[in-house]
Amino acid sequence: MNLAVIGLQWGDEGKGKAIDYLASGFDVVVRYQGGHNAGHTIYYKGQKIILHLLPSGIFSPGTTSVIGNGVVINPLQLIKEIENVKKYGVTLEKFVVSYFAPLILPEHQRLDIVFENSRYIKIGTTKRGIGPAYEDLTGRRAIFARDLLDKDDFYKKVKPLNKYYNKLIGAYDGEKVEIDQYIDEYIEAGKILKPFAQNTVYLLNEYFRRGRSILFEGAQGILLDINFGTYPFVTSSNPSVGGIFAGTGLSHKAMGQITGISKAYTTRVGGGPFPAELSGESAEFLREKGKEYGATTGRPRRVGWLDLVALKYALMINGVDDVFLTKLDVLDEFDEINVVTAYETAGKKSDVFDPSIDYLSSVKPVLKSFPGWKKNTGETVKYADLPPRARDYIEFIENFTGVPVCCISVGAAREQTISRT
Ligand code: GDP
Ligand code: IMO
Ligand code: MG
């Protein structure tokens, strides 16, 4: 059965690790949205590898890895990653990228940087040009991967865009981008990518027709979704389940199981409301234990308790079947662990996650406390061998949300995964 693996929080839930663990059972792994704002960490032969664009199934021999039409691509970043994984013996015989993926141009990145720097409300973007590239798509002026095939044609398409962007960049006192600075590198990258490029819409539908199993790899998380996240502190795509259809060309009939990934606590990189956020010593402790520094930008991640109000919202809007709970081991040393079970607003309790800034900045989290298990869980193989207090914690989450926890991750390595099925 096909499987969608989707982040349930503000990204960095451990999707890379979870997908690497799950991928070997699938014929195809496909990325459907986002770009190299994503940073998915995988351990392969004991080495840490961070994938930004390549699907996390790339290390499973026999699995076809596809970058779908919904992903925005910086071609230079993509060839850099291809070169990197080749060092680990990955052959890329089964790697495919969509001709119809919109390109991220240097102009997009420059605007992302200068606009972000001058904004009153700072989103804290990854400064990769993601927002402007998606804006071009909906603005009907995007340049696509297939446009790299012909230099003259590419130049003709880029010229008016370059003018448009340089005006905007200039308005924010940024330095203009000249097409000549990058065109040759982009065309060269196009030549390198050509053997991998296809119409992935037909390819994926053909796989589906032939009964091949497909894993959809989400980037970011539901709370960063452009439609359902904490707007404007969101990314410019749909990490939620709806993004799969627009980003692959497969219909709802190709949807099978939906597995949501959540940490056993919460993190967030960049600005925006975060009701369960911790500060002070416990925040420091959690950040250090969880090594909570961004895989893409290196920024320290903001940290907090698991927010069950937010989690229930994410589960609801994605029709999630089960939860893959990650980083349980990070809580091993805590004397006391809390979860948010409700928000207090105007003296009343609410279980509504209204993603508006005004609401989320004003609510007070209602906490439920658990005694810590104070035991190492990193070596645990079977669920029954987890400390009883850790099981109580997991089972509380299941009962509260009504969604079962299928897997528990107790370390960054592929093997450090407890499956309950
Ligand atoms: P992604 O963006 O969702 O793929 O997550 P990231 O790779 O950005 O961040 C997750 C981080 O946690 C990475 O450094 C992983 O190696 C690490 N990680 C994943 N699962 C676990 C786990 O169960 N325990 C611990 N300690 N680390 C984990
Ligand atoms: P993965 O796939 C965590 C955040 C940025 C910023 C906001 C908008 O590794 O989970 P953007 O550059 O997308 O315009 O930034 O979204 N963000 C992420 N946070 N994990 C990610 O990806 C993220 N991708 C974007 O920090 O707050
Ligand atoms: Mg990440």
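By class, the shell around ligand 2 holds seven nonpolar, 10 polar and three charged residues; Ala, Val, Leu, Ile, Met, Phe, Trp, Tyr, Cys and Pro count as nonpolar, Asp, Glu, Lys and Arg as charged, and the others, Gly among them, as polar. This is a predicted model, in which local features need pLDDT of at least 70 and side-chain atom pairs pLDDT 80 or more, while totals for chains, interfaces and linings use all residues. Residues are numbered from 1 along each chain as its sequence is written, chains are lettered from A and ligands numbered from 1 in the order in which they are written, and side-chain values use heavy atoms, with hydrogens and water left out.

In total, 20 residues surround ligand 2, and the closest are Asp12, Lys15, His40, Thr126 and Thr235 (a residue is near if one of its heavy atoms lies within 4 Å).

| Residue | Protein atom | Distance |
|---|---|---|
| Gly124 | polar backbone atom | 3.3 Å |
| Thr235 | side-chain N or O atom | 2.6 Å |
| Arg299 | polar side-chain atom | 3.0 Å |

The protein covers 97% of the 550 Å² of accessible area that ligand 2 has on its own (Shrake-Rupley method, 1.4 Å probe).

Thr380 lies in the loop between β16 (364-371) and α12 (388-401); helices (H or I, at least four residues) and strands (E, at least two) are DSSP runs numbered from the N terminus. Thr380 counts as buried because its relative accessibility is 10% (buried means under 20%, 1.4 Å probe, protein chains only). Its side chain reaches the backbone oxygen of Thr377 at 2.8 Å. Leaving aside neighbours within four places in sequence, Thr380 is in contact (heavy atoms within 4.5 Å) with Asp385, Leu386, Val410 and Ile418.

Technical notes: A polar contact is a pair of N or O atoms within 3.5 Å; within protein, one must be able to donate a hydrogen and the other to accept it, and residues adjacent in sequence count only if both atoms are side-chain atoms. Buried means under 20% relative accessible area, exposed over 50%, partly exposed in between (1.4 Å probe, protein chains only).
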